[in-house]
Amino acid sequence: MLELQNKGRQRAEDLASLFETSKRTIYRDIQALSEAGVPLMAVPGQGYTLMEGYFLPPLTFTTDEATVLLLGSDFVAQNFDAEYQQNALSAARKLESVLPQKLREEVRERQSSIRFITPGGDDNPILKELRRAILDSRTVSFCYQARQSEQPKPREADPYGLVFHEGIWFLSAYCHLRKDLRNFRLDRISEFGLTSSTFARPPGFQLNQDSREGRDLTIKVLFDSEGARYVKETHFFYIEEQIETPQGLLVILKVRQEQDA
């Protein structure tokens, strides 16, 4: 039922593969759900779906499940802007309020022994505007300070998504200047604004797709022992491999363009 509610229509073979069982078992399970009063619809060749408007009864959580959810809300509250911080704290209060007393005590005990230590919430004022631009498919304009440039340069870009990596927010967007997908650090963006233009995101684009896609340029950097110590402490996004050599630490990076390194 959860799978059908989350993903919509599912074929018997898909469900059988997911739950590692036979299609015959799925057929029996679907029949059992129907007999239990769950409003299921079947379309030949397309699969099963829950009738629109049907909601599952209240869910129950294990101690570990509730702990993970509350820890996640704690992380969001620390690292997102004020609007999301409030929503995360509100969601955590609601979750705690519906937990049975015994389970609530167990979860609080787990929480007391696990903490995320992060730089703190991001007060970048363009975060909220960027989220709205992404939802509305609005092209944005800004000035960007690249590492290799002395002065910020004006850009226009189609925002596809936001990525929080190593304590830094990045905008993943199609850059009109470079005619390609680029990642922009929000702390290097200034003079941000929305344009009147709209765009269509490429079909099938996902931020969680293979991050190595398009990273065809290999860069090798050799660090002496002093520099290697600091390199090992960081987790730079483009690092593919680190090799100890008699000359020092050889770091191999896979990037899309030289500026990424």
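This is a predicted model: local features need pLDDT of at least 70, side-chain atom pairs count only at pLDDT 80 or more; totals for chains, interfaces and linings use all residues.
Contact here means heavy atoms within 4.5 Å.

An α-helix has 3.6 residues a turn, so residues three or four places apart point the same way. What covers the buried side? After α7 comes Ser137, with a positive phi near 55 degrees.

In what order do its five strands stand? The order is β6-β5-β4-β3-β7. The sheet is open, and its pairing is antiparallel. β6 (180-185) and β7 stand at the edges. Each has a single partner strand, so one side of each is left without a neighbour in the sheet. From one strand to the next, the twist averages 45 degrees.

Look inside the sheet at the pair β3 and β4. These two strands run antiparallel and are joined by five bridges. Ser141 stands opposite Glu156 in β4. Arg155 is also found in strand β4. Is Arg155 buried or exposed? Its relative accessible area is 10%. Buried means under 20%, so Arg155 counts as buried. Leaving out residues up to four places away in sequence, Arg155 touches Val140, Ser141, Phe142, Tyr144, Cys175, Leu177, Arg178 and Phe184.

Lys179 lies in the loop between β5 and β6. Its phi is positive, about 55 degrees, although Lys179 is not a glycine. Lys179 is exposed, with a relative accessible area of 59%. Glu191 is found in strand β7. Glu191 has a positive phi too, near 50 degrees, and is a residue other than glycine. With a relative accessible area of 65%, Glu191 is exposed.

Helix α6 covers residues 101-111. Leu103, Arg104, Val107 and Gln111 are its buried residues. They cover an arc of only 100 degrees around the axis, which puts them on the same side of α6. On the other side, Lys102 and Glu109 are exposed. Which helices do the buried residues of α6 pack against? They pack against α4 and α5.

Helix α4 is made of residues 63-79, and Leu71 has its place there. Leu71 is buried, with a relative accessible area of 9%. Setting aside neighbours within four places in sequence, Leu71 is in contact with Ile114 and Phe116. Leu71 and Ala92 are 21 residues apart in sequence, and their C-alpha atoms are 9.0 Å apart in space.

Two packed helices are described by the angle between their axes and the distance between the axes. Helix α2 holds residues 12-19 and helix α3 holds residues 23-35. Their axes come within 8 Å and cross at roughly 105 degrees. That makes α2 roughly perpendicular to α3. On the α2 side, Ala12, Glu13, Leu15 and Ala16 make the contact.

One more sheet remains. This open sheet has three strands in the order β8-β10-β9, with antiparallel pairing. Which strands are at the edges? β8 (217-223) and β9 (239-245) are the edge strands, and each pairs on one side only. The twist averages 20 degrees from one strand to the next. Seven bridges join β8 to β10 (residues 248-255), and the two run antiparallel. Val221 stands opposite Val251 in β10.

How values were computed: Residues are numbered from 1 along each chain as its sequence is written. Side-chain values use heavy atoms; hydrogens and water are left out. Helices (H or I, at least four residues) and strands (E, at least two) are DSSP runs, numbered from the N terminus. Two strands pair if DSSP finds at least two bridges between them. Axes are lines fitted to C-alpha atoms, for helices over the stretch in contact, and angles run from 0 to 180 degrees between N-to-C directions. Buried means under 20% relative accessible area, exposed over 50%, partly exposed in between (1.4 Å probe, protein chains only). Angles under 35 degrees count as roughly parallel, over 145 as roughly antiparallel, 65 to 115 as roughly perpendicular and the rest as oblique. The arc is that of the directions from the helix axis to the C-beta atoms.
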